[in-house]
Amino acid sequence: MKKLFILLMILAAVCFVGVWIYQTQRLKKNAQAVIGKGQVVMNWGLIILFVIGLVGAFAAPSTKTSAPAEHHPANEHATKVSKAQSSSESAAAASASSSQAASSSSSATSSSASSSSSSQLQVDFPTDVSLNKTGDATVSFKAPANTQFEIKDSNNNVVTTLNGNAQGADQTYNFKKPGKYHVTAHNGDQTIDKDLTVRGISQ
């Protein structure tokens with residue numbers, strides 16, 4: 001539509017210039033020549049057509065430029081929304097993956113601690129005893145079957161070794177001297193160390 005108004009403006013301008021040149025040359029040749037009403041009407045008609053074309057060229061919408069202007073923001077908005085959704089989904093996936101990794105690590109740590117606790121060698125004996133009036137202190141060692149005890153004095157000398165039995169019965173040792181002792185229990189690849197104090201005859 002805009003091109004049509006421009007074309008109309010150009011044609012009106014060309015025709016007006018042509019008519020004006022023609023009338024000017026005619027008046028130069030014959031100064032007394034009279035301009036007829038038809039020529040006046042033609043001049044005004046051309047001027048009106050020129051003005052209409054000029055106004056229409058500026059007022060008429062441009063279909064080619066308006067269409068992209070209308071659709072481009074919508075496409076850009078859709079692209080932004082899509083990118084925002086994609087970023088949100090990626091963040092959610094990363095958070096879920098991190099939570100799963102933390103949960104797995106916690107479970108593994110808890111399982112390892114539980115396994116270590118359950119597999120630790122369990123032994124039981126008093127760690128602080130006193131010699132009786134006869135100068136003896138009998139200590140009973142409770143432990144799983146086939147558990148061996150090694151008792152050392154404060155100088156790291158081996159006092160005695162108690163070999164475990166298959167029935168897991170309590171093992172006893174009669175201490176004669178007061179002092180500090182170190183007891184090491186062995187059962188397969190499991191080992192546990194404890195200190196034992198033997199005090200003198202209580203008064």
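You're looking at a predicted model, in which local features need pLDDT of at least 70 and side-chain atom pairs count only at pLDDT 80 or more, while totals for chains, interfaces and linings use all residues. Residues are numbered from 1 along each chain as its sequence is written, and side-chain values use heavy atoms, with hydrogens and water left out.

Now switch to cartoon view. You'll find 3 helices and 7 strands; helices (H or I, at least four residues) and strands (E, at least two) are DSSP runs, numbered from the N terminus. Walk along the sequence and the pattern reads α-α-α-β-β-β-β-β-β-β. Taking contacts (heavy atoms within 4.5 Å) between residues at least 6 apart in sequence, 55% join residues at least 24 apart.

**First stop: two helices**

Select residues 2-29, helix α1, and residues 37-59, helix α2: their axes come within 8 Å and cross at roughly 150°. Those axes are lines fitted to C-alpha atoms, for helices over the stretch in contact, and angles run from 0 to 180 degrees between N-to-C directions.

**Next stop: two loops**

Most residues other than glycine have a negative phi. Click on N146, in the loop between β2 (137-141) and β3 (148-152): its phi is positive, near 65°. N146 is partly exposed, at 48% relative accessible area.

Then hop to N156, in the loop between β3 and β4 (158-162). N156 isn't a glycine either, yet has a positive phi of about 70°. With a relative accessible area of 53%, N156 is exposed.

**Last stop: T184**

Select residues 179-187, strand β6, and pick out T184. Is T184 buried or exposed? Its relative accessibility is 10%, so T184 counts as buried. Show side chains and look for D193: the T184 side chain makes a polar contact with the D193 side chain at 2.7 Å. (A polar contact is a pair of N or O atoms within 3.5 Å; within protein, one must be able to donate a hydrogen and the other to accept it, and residues adjacent in sequence count only if both atoms are side-chain atoms.) Leaving out residues up to four places away in sequence, T184 touches Q148, F149, E150, T191, I192 and D193.

Terms used
Buried means under 20% relative accessible area, exposed over 50%, partly exposed in between (1.4 Å probe, protein chains only).
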